[in-house]
Amino acid sequence: MTSSHAASHAVISGASIAGLSAAHWLRRIGWEVTLLERAPAFRDGGQNVDVRGVAREVLDRMGLFDAVKALNTTETGTVLVDGRGGTIAELPSNGPDGATAELEVLRGDFARAILDHLPPGIEIVYGDTVADVDEHDERDERDERGGAITVTTASGRVLHADLLVVAEGVRSATRDRLFGGTVNRRDLGINMVFGTIPRTPGDDDRWRWYNTVGGRQVHLRPDNHGTTRAILAHAHDEDFSALDHDEALARIRACYADAGWEAPRVLDGFDTSEDVYVDRLTQIRMRTWHRGRVCLVGDAAWCVTPMGGGGASLALTGGYVLAAHLSTVGSAGPAGPAGLETALAAYEGWMRPLVDSVQKLPPGLTHMAYPRTRPALALRNLVSKALVSAPLAPLTAKLTQVADTDRSLPRMTVPA
């Protein structure tokens, strides 16, 4: 395709799964892409994510299905355990979208696979962030590229573009600055602490999930790096993520002092782990994910949290759907405002049913998942056993089928 104009240009802020997916697909449709990442280098590590539902087709279209499958964490199933490590119930893991999915992979490994297979021509800038955004009503004659939005970074870099894609995650500073009061944060009342700890001979190839009174959970999951990924999840009114690292771990240690099972091992492992991360589960809900020449994708737009699941699948799918609708605008010249608005509205229209279905958590889910009293814990264990019984197992299996849709992915027009 030839034109006297420069190709449309997108600046993407955030180089995890959503940003990398958007970069991949926008480049595939002929856009120029600049990818900004605040970290000084690519961020490896992280906990388990999975590829489910329609995201499996997106991954296949990227040509990465086999590569990601080869990065499997080695996890083969999911069991609920008691304080002695005995199995209470085994969750359905048959089929591609079971509790342990066919494509179960660490976040860093997944993102690395996308990064390593990005189309040529994408500029990646590490250690820089969006500092200012200036959207012009008319094309600025000083902008020789013809871009209608100017992004100035913290380092002083000035980028002229046709679109800014914000993929910075749940606590996106750029989203908050540009969308202000339209961001609705739903605090789910759950603190989660993630980290990598040494593997022991007692660890196996299953996700072991332990509940105890006081709204506390302990999770141990195998990985493909010879270590174990651990999670402490706690229903608590105080937001531990707002504390500094040492204070947060001290508060967690106090909360888990009598938790039992493998809690002491996890706490000791977190004291020396280099990748401990404390999070407060917060859904992001917004009436719209775009405004003018700025759009949001991934957790910055719709964080569903691990309570809903499927965040990585929605992030991967969102990048494809955004580019597919923008491909109708064309890449031969700067994207016009009318065509851009139509494309961004169509992107939202396609993604929102998927997101809404995941964000609508069943009533009482937190109380059932995080029982506080012994009677509540006993009831939870009875319900768990019933849900995996032969009559109810097919229904239980459907609960893990997130990011699933009967609709076909939107068609993408790729320049010859």
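**View 1. Helices H6 and H7 of this predicted model run roughly antiparallel to each other.** Helix H6, made of residues 245-255, packs against helix H7, made of residues 263-272, at an angle of about 170°, and their axes are 10 Å apart. Because an angle over 145 degrees counts as roughly antiparallel, the pair is described in that way. On the H6 side the contact involves Leu249, Ile252 and Arg253, which meet Leu267, Asp268, Phe270 and Asp271 of H7. Sorted by class, the residues in this contact of H6 with H7 are 4 nonpolar and 3 charged, with no polar residue among them.

**View 2. An open sheet of 6 strands has mixed pairing.** The strands follow one another in the order E7-E2-E1-E11-E18-E17. Strand E7 (123-126) and strand E17 (290-291) stand at the edges with a single partner strand each, so one side of each of these strands has no neighbour in the sheet. Within the sheet, strand E1 (residues 9-13) and strand E2 (residues 32-37) are joined by 5 bridges and pair in the parallel sense, with valine 11 standing opposite threonine 34 of E2. Helix H1, formed by residues 17-28, lies across E1, E2 and strand E11 (163-166), and its direction makes an angle of about 165° with E2.

**View 3. An open sheet of 3 strands is paired in the antiparallel sense.** Here the order is E8-E9-E10, and the edge strands, E8 (130-135) and E10 (158-161), each pair on one side only. From one strand to the next, the twist averages 20°. Strand E8 is joined by 5 bridges to strand E9 (residues 149-153), the two running antiparallel, and in this pair aspartate 132 has threonine 152 in E9 as its bridge partner. In general, the strands of a sheet pair through backbone hydrogen bonds, in either a parallel or an antiparallel manner.

**View 4. The second largest pocket holds about 160 Å³ of space.** Its lining consists of 14 residues, of which Tyr210, Asn211, Thr212, Arg374 and Leu377 are the closest to the centre of the pocket. Strand E13 (206-212) and helix H13 (374-387) each supply at least two residues of this lining. By class, the lining of the second largest pocket divides into 6 nonpolar, 4 polar and 4 charged residues.

Technical notes
Residues numbered from 1 in each chain as written. Predicted model: local features only at pLDDT ≥ 70, side-chain atom pairs only at ≥ 80, totals over all residues. Heavy atoms only, no water. Axes fitted to C-alpha atoms, helices over the stretch in contact; angles between N-to-C directions. Helix = DSSP H or I, 4+ residues; strand = E, 2+ residues; numbered from the N terminus. Parallel < 35°, antiparallel > 145°, perpendicular 65-115°, else oblique. Contact = heavy atoms within 4.5 Å. Nonpolar A, V, L, I, M, F, W, Y, C, P; charged D, E, K, R; others polar. 1 Å grid on protein atoms, 1.4 Å probe; cavity = no way out; pocket = protein on both sides within 12 Å on 5 of 7 lines; lining within 4 Å. Points joined across faces, edges and corners; volume = space filled by probe spheres on them. Pairing = 2+ DSSP bridges.
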